[in-house]
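Let us walk through this structure together, from one residue out to the whole chain and back again. Keep the sequence and the 3D view side by side as you read.

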Amino acid sequence: MRPDTFISGSPEDWMHHARSDLTLAKIARHEDVLLENLCFHAQQTVEKALKALSIYYNIDFPKTHNIKVILDILKTKVTIPEEINRSSILTDYAVTARYPGE
C-alpha cells in the first residue's frame, strides 16, 4: 500500500456510511437546510460507495474527495456505467460548496 492511500474498514462498513449519507441527502428540503448541504451528502454517498467498491476489489485509492480520481482508478479493474461516471460532477460539493462565500 502506498503511503498516500487510505484503506480502513470493510466494504460493508463503507456502504453503511454511504447509505447513511444517502438518507441525509434525501431529506426533504426545509427552509433552514441549505441545498449545498444536501448535495454534500450526495457527494459523500458516491465517494464512500466507490471506496467500498475499491476495497472490495483490493484497489488502493488515495486520500481524496475527487470522485473522478476514484473512478479512474476503479476503471482499471471494473467496468463503470456511464451514469456512475457522471457522478463526478458532485466533487465540488465535497469541500468548496460547504462554506460561506465559496
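This is a predicted model: local features need pLDDT of at least 70, side-chain atom pairs count only at pLDDT 80 or more; totals for chains, interfaces and linings use all residues.

Is V95 buried, exposed or partly exposed? V95 is partly exposed, with a relative accessible area of 41%; buried here means under 20% relative accessible area, exposed means over 50%, and partly exposed is in between, with a 1.4 Å probe and protein chains only. You will find V95 in the segment after α4 (82–85).

Residues are numbered from 1 along each chain as its sequence is written, and side-chain values use heavy atoms, with hydrogens and water left out.

Now step back to the whole chain. It has 4 helices and 0 strands, in the pattern α-α-α-α when read along the sequence. Helices (H or I, at least four residues) and strands (E, at least two) are DSSP runs, numbered from the N terminus. The C-alpha atoms fill a box of roughly 45 × 30 × 25 Å along the principal axes. For 102 residues, a compact globule would have a radius of gyration near 13 Å, and the 14 Å of the chain agrees with this; the radius is taken over C-alpha atoms, and the globule rule is 2.2 Å times the number of residues to the power 0.38.

What of the inside and the surface? Of the 102 residues, 36% count as buried. Contact means heavy atoms within 4.5 Å, and among contacts between residues at least 6 apart in sequence, 50% join residues at least 24 apart. The chain exposes about 6600 Å², of which carbon and sulfur atoms supply 56%; accessible areas come from the Shrake-Rupley method with a 1.4 Å probe, and for residues only the protein chains shown count as cover.

Q43 has 0% relative accessibility and counts as buried. Leaving aside residues up to four places away in sequence, Q43 touches H65, I67, L90, T91, Y93 and A94.

Next, look at the aromatic rings, where the structure holds 2 aromatic pairs. Rings of Phe, Tyr and Trp (its six-membered ring) pair if their centres lie within 6.5 Å; planes under 30 degrees apart count as stacked, over 60 as edge-to-face and the rest as tilted. W14 and F61 form an edge-to-face pair, 6.1 Å centre to centre with 90 degrees between the planes. W14 lies in helix α1 (residues 11–25) and F61 in the loop between α2 (35–56) and α3 (67–74), so the pair ties together parts that are 47 residues apart in sequence. W14 is buried at 13% relative accessible area, and F61 is buried at 0%. The other pair, Y56 and Y57, is also edge-to-face, at 5.0 Å centre to centre and 85 degrees between the planes. Here Y56 is exposed at 58%, whereas Y57 is partly exposed at 37%.

Finally, visit N58, in the loop between α2 and α3. N58 has a positive phi of about 60 degrees although it is not a glycine, and at 63% relative accessibility it counts as exposed.
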